[in-house]
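Please work through the following exercises with the sequence and the model at hand.

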Amino acid sequence: MKRLSNHIKRTLLLTALSCASVCIMPNILCDAMPVCIASEVSVSDEERIIQELQQEAEAGNAEAQYKLGNRYYYGKYTEENYGKAVYWYLQAAKQGDVAAQIILAECYSWRDVLPRDKELEIYWYTQAAEQGDVSAQFHLAEYYDR
């Protein structure tokens, strides 16, 4: 197989690195590429990824549920929807996903997504702490040290 030229390597790298709607680098580096296609690639890839995440999440994949929750929480290539984000975080957290448990605890604590609920905050931090998560253990230690 023929080796890739530096020009092609640079173009592939720039395309792969760009997940934003605007190309991260101007076309100065690439004379042969008259229009930056990074945004087109990123958007269509993201739409496909969201569809796949949705299917995997609905099938019960905790990691996909957490990732889909993040997409809705941050509005990344989908509408920002805290209700859907919390739903998917909850599904993942119930299956033991530590990251989802942490973010749920934060949602009940300071993120202003859900009504503040100290009992649920402590519950989700405890679930994560029991799995060895140091940040959850720290939050619990702070809470009980008061």
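**Exercise 1.** Classify the exposure of Y143 and Y144, then determine how the two rings are arranged.

*Solution.* Y143 has a relative accessible area of 28% and is therefore partly exposed; the class lies between buried (under 20%) and exposed (over 50%), computed with a 1.4 Å probe on protein chains only. Y144, at 58%, counts as exposed. This is a predicted model, in which local features need pLDDT of at least 70 and side-chain atom pairs count only at pLDDT 80 or more, while totals for chains, interfaces and linings use all residues. Residues are numbered from 1 along each chain as its sequence is written, and side-chain values use heavy atoms, leaving out hydrogens and water.

Next, the ring centres of Y143 and Y144 lie 5.1 Å apart with planes at 75°, so the pair is edge-to-face. Rings of Phe, Tyr and Trp (its six-membered ring) pair if their centres lie within 6.5 Å; planes under 30 degrees apart are stacked, over 60 edge-to-face, and the rest tilted.

**Exercise 2.** Is W124 buried or exposed, and how is its ring placed against that of Y123?

*Solution.* W124 is buried, because its relative accessibility is 7%. Y123, at 40%, is partly exposed. The two ring centres of Y123 and W124 are 4.8 Å apart and the planes stand at 80°, so this pair is edge-to-face.

**Exercise 3.** Which residues form one aromatic cluster, and how many aromatic pairs are counted?

*Solution.* The cluster consists of Y66, Y73, Y74, Y82 and Y89. The count of aromatic pairs comes to 7.
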